[in-house]
Amino acid sequence: MHFFIRLSTRLMHLRKTTIGGIILAFVLFSATVAYALEPETFVNWFNAFYWVLTTMATVGYGDYFATSPAGKAFTIFLYIFGIGLLSLVIGKVIDSIADVQRQRGAGTLTFEGEQHIVIVNWGKKARSAIEEILENAPKTQIVLIDESNRHPLEHLEQVHFVSGDPAADSILAKASISTCRAAIIFADERIEEASLIDGKSLLVVSSIERIAPHVHTTVEITMENHVQNFRHAQVNEFILSHDAISRLAVRAALHEGSSDVITQLLNRTNGSDVYEVAVDRSWKTYGDAFQALLAQGATLIADREDLGINRKLDTPIPENAKLYVVADAETHQRIAGMGK
């Protein structure tokens, strides 16, 4: 008994590749011995190989079985050692799966993929952003980077968690930042000083722009006087978090009901949202685009950040135009299908 305990302990500490090699060698050796002992029973080596596998797996179909005393003795040998080795492999596989789950929860696994969205800093806004992404594109892969040590959304398979400093090159590499579609950096809610919050965000986005300048970056900024610093860091888009809330509150006080329109666009309570539409080659001016989209049930509101295109409908549409409309999802899908 002591021998078996020592043997099993040593096998448990072997590497997975070593155990795999031992199992393969054992199966091939056993099939060769079985065929040598009873060539009439198995007819060929492959049948002996098949019998060894079914015996080790405790399936026992009964289509082949040893008849000679030597063959039966070898069958007993397979029962004792073969099934034990196979159980060891199964245990290793289960341990490997559990280990992967532990690493996933701890945020130590490297994400292998591309065209995903990276979200930096966990909080209420990050949760809302993830819910919004998955609602609009359920198959989108998301990588969340945060300095906490536990996956906050472990039940969501589409969300991969990376634990660590989001400004560190090694952490960004684990998030596969160079192959992602976009990165969203939220203000760290755990920092109390606003200038320090923006300082951390600036450090993170600087690291991203240095490693992957082609990645579209969006940053939440808490202080308006820091905007120029983020523009210098080549940030594609930024959002003034506190400023947007205060302006919305003032407009609601001065113009009753104005906040309902903005809230509707943010929450899509009545089904409408802001969508980007491809420029049709038949459209020469903004007026052409406005009328064509209106006929489809969509309202053209902007070209990139320019919200005044309704005052220059005779202006030709530039080549680099990015047109945005207000429409429901069904109308947007119909327009997108016509543009293909």
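Leu-24, Leu-28, Trp-45 and Phe-46 form a nonpolar patch on the surface of this predicted model, with about 400 Å² of accessible area together. Patches are made of residues with over 30% relative accessible area and no salt bridge, nonpolar side chains (Val, Leu, Ile, Met, Phe, Trp, Tyr) being joined within 5 Å and like charges within 9 Å. Accessible areas come from the Shrake-Rupley method with a 1.4 Å probe, and for residues only the protein chains shown count as cover. Helix H2 (16-37) and helix H4 (45-56) are the elements that give two or more residues to the nonpolar patch; helices (H or I, at least four residues) and strands (E, at least two) are DSSP runs, numbered from the N terminus.

Leu-24 has its place in helix H2 and counts as exposed, because its relative accessibility is 51%. Here buried means under 20% relative accessible area, exposed means over 50%, and partly exposed lies in between (1.4 Å probe, protein chains only). Thr-32 also lies in helix H2, and at 42% relative accessibility Thr-32 counts as partly exposed. Thr-32 and Val-52 are 20 residues apart in sequence, while their C-alpha atoms are 9.8 Å apart in space.

As to the basis of these values, this is a predicted model in which local features need pLDDT of at least 70 and side-chain atom pairs count only at pLDDT 80 or more, whereas totals for chains, interfaces and linings use all residues. Residues are numbered from 1 along each chain as its sequence is written, and side-chain values use heavy atoms, with hydrogens and water left out.

The protein has 13 helices and nine strands, and buried residues make up 35% of its 340 residues. The accessible surface of the protein comes to about 20,200 Å², of which 59% belongs to carbon and sulfur atoms. Among contacts (heavy atoms within 4.5 Å) between residues at least 6 apart in sequence, 60% join residues at least 24 apart.

Strand E2 (residues 142-146) runs parallel to E3 and is joined to E3 by five bridges, and Asp-146 stands opposite Ser-163 in E3.

A second open sheet is formed by three strands in the order E7-E9-E8, and here the pairing is antiparallel. The edge strands are strand E7 (272-277) and strand E8 (299-303), each of which pairs on one side only, and neighbouring strands of this sheet are turned by 35° against each other on average, direction ignored. Helix H12 (residues 286-295) packs on the sheet, where it touches E7, E8 and E9, and its direction makes about 145° with that of E8. Four bridges join E8 to strand E9 (residues 323-328), the two running antiparallel, and Tyr-324 in E9 is the bridge partner of Ala-302.

Side chains of opposite charge can pair when their charged atoms come close. With a salt bridge taken as a side-chain nitrogen of Lys or Arg within 4 Å of a carboxyl oxygen of Asp or Glu, the count comes to eight salt bridges. Asp-146, Glu-147, Asp-188, Arg-190 and Lys-200 are linked in a network of salt bridges, and the table lists pairs from this network.

| Salt bridge | N to O distance |
|---|---|
| Lys-200 and Glu-147 | 2.8 Å |
| Arg-190 and Asp-188 | 2.9 Å |
| Asp-188 and Lys-200 | 2.5 Å |

The side chains of Lys-200 and Glu-147 meet in a salt bridge. Lys-200 lies in helix H8 (residues 194-211) and Glu-147 in the loop between E2 and E3, so this pair ties together parts that are 53 residues apart in sequence. Lys-200 is buried, with a relative accessible area of 15%, whereas Glu-147 is partly exposed, with a relative accessible area of 44%.

Asp-188 counts as buried at 5% relative accessibility, while its partner Arg-190 counts as partly exposed at 46%.

Definitions and conventions: Pairing = 2+ DSSP bridges. Axes fitted to C-alpha atoms, helices over the stretch in contact; angles between N-to-C directions.
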